[in-house]
Amino acid sequence: MSAPRVAVVGGGAIGSMAAWQLATRGFAVTVYERYWPGHNEGAGGGGTRMFRRVYAEGPAYGPLLDASWHLWRRLERATDTDLLHRTGGLSIGPAHHPVLAGGIAYAEQRGIPYEVLDADALTARYPQHTPLDGEIALFDPEAGVLRSNLAIRAALDAAVAHGAELRTGTTVHGVAEAPGGGVEVATATGTATATERHDHAVVAGGPWARTLLPTLPLETRAIYHTWHFVEDRQLLRPERFPITLRRSGPDLSYGAMSALDGTRVKLAPHADYPRDVEDVDTMRRHVRADWQHRSAALIRALLPGVSPDPVESQIYPESFTPDGHAAVGALDADARVVVLAGFSGHGFKLAPGFGRAAADLVATGTSALLPPDVALDRDFRAQVSIRDLVLDADPA
Ligand SMILES: Cc1cc2nc3c(=O)[nH]c(=O)nc-3n(C[C@H](O)[C@H](O)[C@H](O)COP(=O)(O)OP(=O)(O)OC[C@H]3O[C@@H](n4cnc5c(N)ncnc54)[C@H](O)[C@@H]3O)c2cc1C
């Protein structure tokens with residue numbers, strides 16, 4: 001009997017991992033990607049993403065995070081590529097902040113190594129950070145920086161090595177129930193259109209998902225990063241600069257990580273990012289001067305040793321759900337269509353685990369890796385059906 005055919009719609013962070021996991025299980029996978037492997041237009045752009053092992057979001061994410069940790073290492077071995085650069089991680093703020101209190105509770109419950117540093121210990125070990133009164137730090141020794149564009153490319157390479165077919169420059173316009181079972185996937189490659197039949201479709205359109213799944217309550221936001229030269233290269237080399245979540249109040253919160261090039265760090269101010277991007281293809285990608293000044297002010301206040309002046313800045317789109325948990329599940333009992341959407345700013349580290357969960361869903365309709373928080377039926381399954389998956393996107 002021939003292997004069941006699976007269409008993966010979107011070869012970004014999640015779709016690439018789903019394709020890899022499906023292909024290793026023997027499914028006949030076709031990935032439809034409107035751009036190319038590891039492109040910079042989507043939610044995984046900008047070169048790097050944080051990986052945290054101590055996960056304040058809650059212990060229900062434990063199995064998914066553990067699976068992701070192992071799969072990142074497996075993907076590195078399979079593709080002979082350095083993808084997860086271990087730097088350790090710091091969360092800095094008042095002890096009662098959910099990122100710190102939640103992180104400690106998570107580590108305790110899951111038996112994950114961690115350390116609590118008081119202000120003196122933080123300054124002694126990491127003088128690149130300036131603690132404020134009453135602040136402590138939570139250290140996550142297994143955290144690090146993921147090479148994001150490269151990782152997507154590696155997962156697609158691994159999928160192809162297991163027999164997957166990659167259709168780049170191809171936009172999916174619709175997924176519909178096929179008469180007699182399976183699905184029909186309508187595509188456009190340049191001006192050529194086609195309809196192909198598969199047994200299943202895995203829809204992982206990222207920030208474009210609003211177009212793909214118009215009845216899901218998804219909102220696309222524009223998140224910006226600024227890059228800054230380090231002034232003290234020894235003190236701020238990647239191994240000495242743990243990824244950092246700073247939670248010191250409304251105007252004093254950020255995420256930061258090494259750019260892994262030995263010269264720069266990347267800053268993501270915790271800000272009210274522009275919401276409700278109507279169209280990712282025409283969204284504004286220019287980082288306003290006042291936003292760049294916000295980055296500079298944060299660095300002056302909290303990160304001695306880093307130059308406040310941004311030397312690069314970029315905006316990337318991301319799809320959010322109302323509660324900040326992704327929306328993952330099968331739309332029908334036969335798992336003809338599996339949806340992975342709304343990763344709400346924290347999907348990259350978990351992408352291999354979500355990829356494995358997608359393969360579970362296609363194979364069995366369920367996955368033990370998925371936390372109940374991401375269930376597709378928690379709020380809106382009743383509002384969405386396979387028939388809703390008719391797209392109206394422009395041809396690539
Ligand atoms: C600035 C920023 C910083 C972040 N930082 C972190 C972090 O530090 N750690 C972390 O864990 N997470 C982080 N995230 C979140 C994480 O990057 C995202 O959750 C993740 O990349 C989402 O992956 P995705 O596959 O859903 O989207 P994408 O990676 O954008 O993939 C979607 C893919 O689908 C393709 N596509 C869409 N529509 C179609 C179509 N109709 N036909 C064919 N192809 C299509 C697109 O071209 C794209 O390749 C961050 C996000 C942003 C934006």
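In this predicted model, a backbone N or O atom of Gly-347 lies 3.1 Å from an oxygen atom of the ligand.

| Residue | Protein atom | Distance to a ligand oxygen atom |
|---|---|---|
| Gly-347 | backbone N or O | 3.1 Å |
| Phe-348 | backbone N or O | 3.1 Å |
| Lys-349 | side-chain N or O | 2.7 Å |

The ligand would expose 1000 Å² if it were taken alone, and the protein buries 96% of that area.

Around the ligand there are 36 residues, of which Glu-33, His-39, Met-50, Glu-318 and Lys-349 come nearest. By residue type, this shell divides into 17 nonpolar, 14 polar and five charged residues. Several elements each supply at least two residues of the shell, among them helix H1 (13-24), strand E2 (28-33) and strand E18 (306-320).

Where does the ligand lie in relation to domain 1 and domain 2? Because domain 1 (5-49 + 149-218 + 322-388) and domain 2 (89-141 + 220-316) both give residues to the shell, the ligand lies between them.

Turning to the whole chain, its secondary structure comes to eight helices and 20 strands. The radius of gyration of the chain is 21 Å, close to the 21 Å that the globule rule gives for 396 residues, so the chain is as compact as a globular protein of that length. Its C-alpha trace spans about 70 × 45 × 40 Å along the principal axes, and buried residues make up 57% of the 396 residues.

Conventions. Residues are numbered from 1 along each chain as its sequence is written. This is a predicted model: local features need pLDDT of at least 70, side-chain atom pairs count only at pLDDT 80 or more; totals for chains, interfaces and linings use all residues. Side-chain values use heavy atoms; hydrogens and water are left out. A residue is near a molecule or strand if one of its heavy atoms lies within 4 Å of it. A polar contact is a pair of N or O atoms within 3.5 Å; within protein, one must be able to donate a hydrogen and the other to accept it, and residues adjacent in sequence count only if both atoms are side-chain atoms. Accessible areas come from the Shrake-Rupley method with a 1.4 Å probe; for residues, only the protein chains shown count as cover. Helices (H or I, at least four residues) and strands (E, at least two) are DSSP runs, numbered from the N terminus. Ala, Val, Leu, Ile, Met, Phe, Trp, Tyr, Cys and Pro count as nonpolar, Asp, Glu, Lys and Arg as charged, and the others, Gly among them, as polar. Domain bounds come from an automatic or database domain assignment. The radius of gyration is taken over C-alpha atoms; the globule rule is 2.2 Å times the number of residues to the power 0.38. Buried means under 20% relative accessible area, exposed over 50%, partly exposed in between (1.4 Å probe, protein chains only).
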